[in-house]
Amino acid sequence: MKLGFGLMRLPKLEDGSIDVEQVKVMADMFIEAGGTYFDTAFVYEGSEEAIRKALVERHPRNTYTLATKMNGWMAESREAALAQFATSLERTQAGYFDYYLLHSLRDSNIHLYEERGLWDFVIEQKKKGLIRNLGFSFHDTPDLLDQILREHPYVDFVQLQVNYADWENPAIASKGNLEVCKKHGKKVVVMEPVKGGLLADLPEDIVRGLKEYAPEASLPSWAIRFVASQEPVMIVLSGMSNIAQMADNLSYMKDFQPLNEKEMELIREVQRKLDTIDRIACTSCHYCEKGCPMNIPIAKINGAYNMYKLFGDLKAARSNYNVNIRLRNPASACLQCGQCESACPQHLPIIENLQLIARTFE
Ligand code: SF4
Ligand code: SF4
């Protein structure tokens, strides 16, 4: 089955701990329906322990595959990053990882994975049999993905952010990144097919065509089936939070049917409607940022603003904005020196946009 069980948003009890009993039911339903792929990470709090209790201690090791991740940029040092591997083994008691990923590679952090020798470390673990398939998750441009795959041709798979709303969005580049993986012959695991839940809750006028065509089909079912219909997608992760979501996902992924031409056209109509929403026409080329004396992450915060305009979820967009300025400066730090505007190939009014972004998020 192409559906993977993402373990990032597991159900919680009132005291904030993970509801392991509910996870057990979800894991059993998933395996019963033919699912095998479970995806956790060192940084998903409580998740690795929960999956030990719900899965590893209750199902034969050869009936499922387990993926987890090393986060090399949130770790304080090389030693702290390397220690994550042993800790993940201890927490899960899985004995080995079927899939192991370097977590969330992007332009701003790939040097840490290189300088800290983390690639060499995971290659060693694969030689020892503690990792069966080696990969990385990725959040950047097709050019950078192409570079990484040329420098590390031995990776077995890549985890990408793919969804129909970001299909042509240069900041996410779902289509472009899939094409790079295809060119390199890499299998793809997809994360966030429903865009963190945003595509589960779109305005009525945007999704009218989908509702008329299949009134019973949930919006996540359209988003997940769209992604599962693409090449070279091996697994589509869904971060399921309760039994009802598991049941809904299994209802269309157990006997998965790719979208037919009529259904693809309906999705293209939704994409066209989403494209008419007033957004900043930034192509995320980053040319403007190189000479910015205030080190403002212009492309990323344009993306956060566009997220807000598209989906109207100010809280989620502000949270994305805050993540992107955490190690850099906010829009309001702009000195209005104009360097960026002279560098922008799209001739965007960057200073004015930053003022708008600051008013929106700060
Ligand atoms: S105008 Fe603002 S954003 Fe542009 S380069 Fe100068 S300080 Fe940076
Ligand atoms: S130069 Fe223009 S298009 Fe490129 S990232 Fe900056 S604002 Fe966006």
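Domain bounds here come from an automatic or database domain assignment. The model is predicted, so local features need pLDDT of at least 70 and side-chain atom pairs count only at pLDDT 80 or more, while totals for chains, interfaces and linings use all residues. Residues are numbered from 1 along each chain as its sequence is written, chains are lettered from A and ligands numbered from 1 in the order in which they are written, and side-chain values use heavy atoms, with hydrogens and water left out.

The protein splits into domain 1 (3–269) and domain 2 (287–361). Their C-alpha centres are 28 Å apart. Seven residues of domain 1 and five residues of domain 2 make the contact, where contact means heavy atoms within 4.5 Å.

The size of an interface is often given as the accessible area lost when the parts come together. Buried area is the accessible area (1.4 Å probe) that two parts lose on being put together, summed over both. For domain 1 and domain 2 it is about 570 Å². Carbon and sulfur atoms give 68% of this area. On the domain 1 side, Arg106, Lys195 and Leu198 supply 53% of the area buried against domain 2, more than any other three residues.

The side of domain 1 that touches domain 2 has five nonpolar, one polar and one charged residues. In this scheme Ala, Val, Leu, Ile, Met, Phe, Trp, Tyr, Cys and Pro count as nonpolar, Asp, Glu, Lys and Arg as charged, and the others, Gly among them, as polar.

Two ligand sites follow. Ligand 1 is surrounded by 13 residues, each with a heavy atom within 4 Å of the molecule. The closest are Cys292, Cys334, Cys337, Gly338 and Cys340.

The salt-bridge count comes to 20. In one of these, the side chains of Asp39 and Lys69 meet at 2.9 Å, N to O. Asp39 lies in strand β2 (residues 37–39) and Lys69 in strand β3 (residues 65–70), so the pair ties together parts that are 30 residues apart in sequence.

Most residues other than glycine have a negative phi, and most peptide bonds are trans. Gln93 is not a glycine, yet has a positive phi of about 60°. Gln93 sits in the loop between α3 (78–92) and β4 (97–105). The peptide bond from Glu231 to Pro232 is cis, with omega near -5°. Pro232 is placed in the loop between α9 (219–228) and β8 (233–239).

Key: Salt bridge = Lys/Arg side-chain N within 4 Å of Asp/Glu carboxyl O. Helix = DSSP H or I, 4+ residues; strand = E, 2+ residues; numbered from the N terminus.
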